[in-house]
Amino acid sequence: MHWFLRYLELWLSALGVAVILLVPAVVGVSRDNYWYVTALVAIVVGVVHGLIFWSVHHRQRLVRERTVAQVRAMLRDDVHKQVAALLTMDARATDRQRQQLDGVFDSMILLDHLLESLSTERLRTWTGSEEGRVEIEKGNRPTRTGGRPDLHVHRDSKN
């Protein structure tokens with residue numbers, strides 16, 4: 001079934017051509033009206049194809065938007081859990097540690113704003129950008145962290 005759905009557009013197009021060619025023959029149209037009836041059938045098939053393709057595209061867009069919203073909610077929940085953990089640390093922190101935690105809180109607020117701005121349009125724009133293509137290519141390479149992203153900053157040491 002997966003192979004059928006994978007090539008759905010091709011199957012529907014082949015079926016449409018078959019319908020266009022067979023309907024006038026099955027109906028028994030006279031030679032004088034054959035091309036007229038064929039053209040009418042082709043118009044109907046074209047409209048039906050358009051409606052089917054539009055509905056499939058529309059549904060795919062809704063699924064992508066729902067998936068992005070779920071990912072955004074999951075990441076926001078993870079960020080909020082980290083903030084809660086940091087807040088418990090803040091109660092026992094020294095003044096110097098509180099200053100460091102303030103920077104972390106600022107970063108988490110920025111991250112929360114970035115998560116809020118996630119959308120399929122922004123993803124499409126980023127994917128088409130040079131930075132997006134570089135990062136996507138980087139993501140396809142194996143990492144030292146066993147497939148997880150390496151979030152550490154590596155500095156070259158000059159000896």
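A: Happy to; we will go from the overall layout to single residues.

Q: Great. What kind of model is this, and how are residues numbered?
A: This is a predicted model, in which local features need pLDDT of at least 70, side-chain atom pairs count only at pLDDT 80 or more, and totals for chains, interfaces and linings use all residues. Residues are numbered from 1 along each chain as its sequence is written, and side-chain values use heavy atoms, with hydrogens and water left out.

Q: What is the mean pLDDT of the protein chain?
A: The mean is 79, and 86% of the residues reach 70 or more. Here pLDDT is the predictor's confidence in each residue, from 0 to 100.

Q: Which helix has the lowest mean pLDDT, and which the highest?
A: Among the elements of the chain, helix 6 (residues 130-139) has the lowest, at 74, and helix 2 the highest, at 90.

Q: Where does pLDDT stay under 50?
A: Over residues 147-159, for which the model has four contacts beyond four places in sequence. Contact means heavy atoms within 4.5 Å. Where pLDDT is low, the predicted coordinates should not be read in detail.

Q: How much of the chain is made up of buried residues?
A: Buried residues make up 14% of the 159 residues. Buried means under 20% relative accessible area, exposed means over 50%, and partly exposed is in between (1.4 Å probe, protein chains only).

Q: Let's look at helix 2. How many residues does helix 2 have, and what span does it reach?
A: Helix 2 has 20 residues and reaches 27 Å from its first C-alpha to its last, close to the 28 Å expected at 1.5 Å a residue. That expected span is 1.5 Å times one less than the number of residues.

Q: Where does the kink in helix 2 lie?
A: The kink, of about 25°, lies at Leu21, shortly before the proline Pro24. The bend at a residue is the angle between axes fitted to the seven residues ending there and the seven starting there.

Q: Which residues of helix 2 are buried?
A: They are Leu12, Gly16, Ile20 and Pro24. Just after the helix, Gly28 takes a positive phi of about 80°.

Q: And Val19, what does Val19 contact?
A: Val19 lies in helix 2 (residues 8-27). Leaving aside neighbours within four places in sequence, Val19 is in contact with Pro24, Val41 and Val45. Val19 is partly exposed, because its relative accessible area is 31%.

Q: How far apart are Val19 and Thr38?
A: They are 19 residues apart in sequence and 9.4 Å apart in space, C-alpha to C-alpha. Thr38 sits in helix 3 (residues 34-91).

Q: Is Thr38 buried or exposed, and why?
A: Thr38 is buried, because its relative accessible area is 7%. Beyond neighbours within four places in sequence, Thr38 is in contact with Ile20 and Pro24.

Q: Switching topic: which residues form the largest nonpolar core?
A: The core has seven residues: Val79, Leu86, Ala93, Leu101, Phe105, Met108 and Leu115. Helix 3 and helix 4 (95-116) are the elements that give two or more residues to this core, and helix 4 gives the most, with four. A nonpolar core is a set of buried Ala, Val, Leu, Ile, Met, Phe, Trp, Tyr and Cys residues joined through side-chain atoms within 4.5 Å.

Q: What does Phe105 touch?
A: Not counting residues up to four places away in sequence, Phe105 touches Val83, Leu86 and Leu87.

Q: Last one: how many aromatic pairs are there?
A: A search of the whole structure finds four. One of them is Trp3 and Trp11, edge-to-face at 5.8 Å centre to centre with 65° between the planes. Rings of Phe, Tyr and Trp (its six-membered ring) pair if their centres lie within 6.5 Å; planes under 30 degrees apart count as stacked, over 60 as edge-to-face and the rest as tilted.
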